[in-house]
Amino acid sequence: MTNQPYNLQLLWDATNNGLDYWHEVFPESKGLENKNKHFKTHIENTPSTTLYNKGIENNVFVIYNHSSKEGCSIINHVKKERNCSSGQAMKWLFEKYNLEVNGKKTSFKPVVTFKDTKEPIGWKIEEAETVSIAFKVPFGDSETFSYHNFVQLINYENVYLNSETQTVKLLKIEATPEYPIYGHKKNDFVKLYCPTSNNKYKHSFIGTKPQRFIYGWEQLFDDVAENRIREIWEVLKDPVYSEHEKKEFRKELESLQLDEVFIASGGSDGLNLTSLGYNVIWFNSESEIINKAEYSRLSKIAKQIYYVPDLDPTGVKMAVKMGMEFIKIKIVWLPANFSTNGKDLTDWVIANKYAGKESVKYKFEQLKSVALEFQFWDKTKTGYKINPKKALHFLKYNNFRLEKDTTKVIAKGKEEDGNFLVIKNDILERTVPTEVRRFVTDWLDANYYSTEIFNTVVKSNFFNQHILKALPSFEYIRKTSGTQHQIYFFKNKKILITKEGISEIKDKKYDNVQVWDNNVIEHPFKITEPYFEVFEDDEKRKRIKINSLESNCLKVLINTSRMFWRKDADLVQQDTNEFKINSTKLNPEENQIQEQHLLNKMYCLGYALHQQKVASKSYLVLGMDSHQGKSIKGSHGGTGKSVILKMLNLFLKTTVIDANNIKKDAFPYDGVTPDTQIVNLDDIGMYQNYREFYVMVTDNLVANQKGGVKYNIPFAKSAKIVGTTNYTPNEISGSSERRILPYYTSDFYHKATSEDDYVFSRKISDFLGRDLFDENYKESEFNHDYNFLLQCLQFYLSCDTEMYAPNNTMIERNLWQKIGDELKDFFDKFFEEPENCNAWIEKSSIALLYIQDYGGKKTKQQINEALSMYCTIKKWGLTEKKIRSKYDNSKVVPHYFIDMKLSDKQFQENKTTEAPAEPTAQQLQPEMSFETVKTDLPDWL
């Protein structure tokens, strides 16, 4: 048994399990897969074929004809169409999709001969007798192809002088059944077309490539009496002739002129139009359009000129360019819904070919009947008037739209006001009817149209809100982000950020990505080298290496991550390690902790800058101080946590909410709209219930506005939520752990007061020489900060798991907050006594001692709960047993043993290093059991 050289999985991967093949062969099938909807695969009155993969092995798509009761895979279809064996069909498919066979890429190839020769320099072709039907012109015949000098080649040869070796070379290319070669033949060149080629030679020339050539042009003028037509046009302009005489000349002109001429976007479209019986011309490239001299000549021999554009962005752009320059050319738009099935006329003809030639021509005539030119006025006996349908067509293709806002809740019975927008180079800009009129009048002036037409526009009631609501509606769909990428628009370029890097967008697949004008960053962006590198150490921990300190944002993040800055300070607290995340005065663990804090802040910024919303990865980014204030309920403040969130304002539209007054405000989210990208909950209060924020984080965002407007913004379109607080959230639950992404700022920046030990105050501006982003900020400084923040976004996209801060600050602060200042003070003093450490302590004695020193403000249960939390913070083991009281040997009472010698691992596992001394059998009650108080922490801390 021989080895199978064809790996079928490669074929299924390349063809989307065969679906792409079926869509190419039967364009009408697009969108009908697994829907039990029928399409045609041959000429028939009623569609009878379905496309599906449900219940098929490996989910491979097959077609099934309900009339003949036959099913077919793509391999069997190729066998049938090409009348070949299974092996030959596989070979053809693997070459078509450029797949590997036995470890080597395959593709359709011609037979190539390359050798030295003594033949004279020049070129020649060998033509086939007929053009095969494999070419994409289903209704093409010998008359169609010969009219345009379109031939099929057996081979072509090119003899030329090799400039390096000064030898004469012969290159001969021979067609094969799998690699057919076609060409438009002229005297001094042939434009070649190799439809199955996978390389740049799909379209090429042999001979002298013309600078400009119009296919079908010569044939068109050969078919008319151009000289006589020119004479008549001159007569019609000559005032010597009377109107009666001119009437006769006009009749003659009409009899000589062509009814219509079509301009196609390429050769395949041109041949298809010819096969349907139309006069047609086209250019070498879709990006070429007719010039004024050519238009003048063509418009004299044709009563009407049509243009049939492609439906892709480039095709529409070229249609508008031509239509705006030659406003009497009518544009034949293919059906709007056809853009999902194909992009050009050839695709449209192939999709409809099984209806037959006459039916296809009838459908095309319908498209032609609604074709419109860009001239939006009609001439009347008394002057001019605006044609509303043509005017709407003119505005539509100059990208004016009616904005559709599905987030705004409108009172029942009321109609939403017309909100209009214009799209300019993928930038969305809101506008009003007066500005729409101004665009039109400015265009008339720029193109030297008459004052009479200008006045018609100015006086027209067409440009009012009611009529303009007939413009096509437009709902903004954010496409600037995906799960693996983000796009930002700067004033000079579009930038793509992925985990692989930061680059300028030049890929056409991003042509239809749009943003609102107020989201374009007014900065001339220039990509720089990375300012940091992230790597893993031997323990698989993420570490960071700083390459450059040119970004002020990076400097701020470094200083706010220096948790052990005091070790780098001199006797008067002056810093001796400016903008360094590592220090020789710190031990390796301390250096690593500071790096982790820096990476966590970069991760938080990257998360906020990535505008894609994912329900399972959605957080409230919360900035907190790592150090407590005098009271454990609060913190010092002034540490830079709010400044870090202000960095987002460089990129994103932010609405700041005074979170400390949310409960007092009837409209706390006034100002939050669908345009808002970040909601910043500034200064969240001590007793705030965070659960109401979690709804905004994971669900729709409802924002009531002053004045009665209400927005119900879907999750996918809503802003990301960030905030700051001087307090720890009151209740740390599982939902808090899942929904809060905290970052902590050190007290490197601080305000010195009489209540602390700071020698002097320190602000960010003291070290930068100015505030971040102030009026004196240089363009180069902005560029460094933009690059650094985008590199934070790139870092975020590269992370497989969340990058949390390296300690349990939020949990710890929450526990301190619950313990309170008084009990903390009591426990601190209690455990300063050696006899209370690593020993059995009667449970009731702790409560009695507290009441004796502080009064009866706490219950015994509250004191015991506080002790458990205190031990959790200190990472001490807490064990409870009933043993005999040393104060009264007749009683067995609860005791605590507090183990202060646990390692971190033992603490997480609730184990002690050594079991406490066992009580005697007489001391222990038989029915009593041991119980260890759990001090579990969440996994991410």
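Visitor: In β15, which residue is the bridge partner of Ile 214?
Guide: This is a predicted model, and Ile 214 belongs to β13 (214-215). Strand β13 pairs with strand β15 (residues 280-283) in the antiparallel sense over 2 bridges. In β15, the bridge partner of Ile 214 is Phe 283.

Visitor: Which strands are the edge strands of the open sheet?
Guide: Happy to show you: the sheet is open and has 5 strands, with mixed pairing, in the order β13-β15-β14-β16-β17. An edge strand pairs on one side only. The two that do so are β13 (214-215) and β17 (330-331).

Visitor: What angle does the direction of helix α9 make with that of β15?
Guide: Start with the packing: helix α9 (residues 267-275) sits on the sheet and touches β14 (261-264), β15 and β16 (305-308). The angle that the direction of α9 makes with that of β15 is about 175 degrees.

Visitor: And at what angle does helix α11 run to β16?
Guide: Helix α11 (residues 313-325) lies across β14, β16 and β17. Relative to β16, helix α11 runs at about 160 degrees.

Visitor: Moving to another pair of strands, which residue in β9 is the bridge partner of Glu 157?
Guide: Strands of a sheet pair through backbone hydrogen bonds, either parallel or antiparallel. Here strand β8 (residues 150-162) and β9 pair in the antiparallel sense over 8 bridges. In β9, the bridge partner of Glu 157 is Lys 172.

Visitor: Which residue in the hairpin of β8 and β9 takes a positive phi?
Guide: Look at the link, which has 4 residues between the strands. The positive phi there is near 55 degrees, and the residue that takes it is Gln 166.

Visitor: In β9, what is the bridge partner of Val 111?
Guide: Val 111 is in strand β6 (residues 111-116), which pairs with strand β9 (residues 167-174) in the antiparallel sense over 6 bridges. In β9, the partner of Val 111 is Glu 174.

Visitor: Now for the helices: is the crossing of α12 and α13 left-handed or right-handed?
Guide: The axes of helix α12 (residues 345-352) and helix α13 (residues 357-369) come within 10 Å and cross at roughly 135 degrees. That angle makes α12 oblique to α13. As for its hand, the crossing is right-handed.

Visitor: How many nonpolar residues does the contact of α12 with α13 have?
Guide: From α12, Leu 345, Trp 348, Val 349 and Asn 352 meet Val 360, Lys 363, Phe 364 and Leu 367 in α13. By class, this contact has 1 polar and 1 charged residue, and the number of nonpolar residues is 6.

Visitor: How many nonpolar residues are in the contact of α18 with α19?
Guide: Leu 557, Ile 558 and Thr 560 in α18 meet Leu 598, Lys 601, Met 602 and Leu 605 in α19. These divide into 1 polar, 1 charged and, for the class you asked about, 5 nonpolar.

Methods:
Residues are numbered from 1 along each chain as its sequence is written. This is a predicted model: local features need pLDDT of at least 70, side-chain atom pairs count only at pLDDT 80 or more; totals for chains, interfaces and linings use all residues. Side-chain values use heavy atoms; hydrogens and water are left out. Axes are lines fitted to C-alpha atoms, for helices over the stretch in contact, and angles run from 0 to 180 degrees between N-to-C directions. Angles under 35 degrees count as roughly parallel, over 145 as roughly antiparallel, 65 to 115 as roughly perpendicular and the rest as oblique. A crossing is left-handed if the near helix is turned anticlockwise from the far one by less than a right angle, and right-handed if clockwise. Contact means heavy atoms within 4.5 Å. Ala, Val, Leu, Ile, Met, Phe, Trp, Tyr, Cys and Pro count as nonpolar, Asp, Glu, Lys and Arg as charged, and the others, Gly among them, as polar. Two strands pair if DSSP finds at least two bridges between them.
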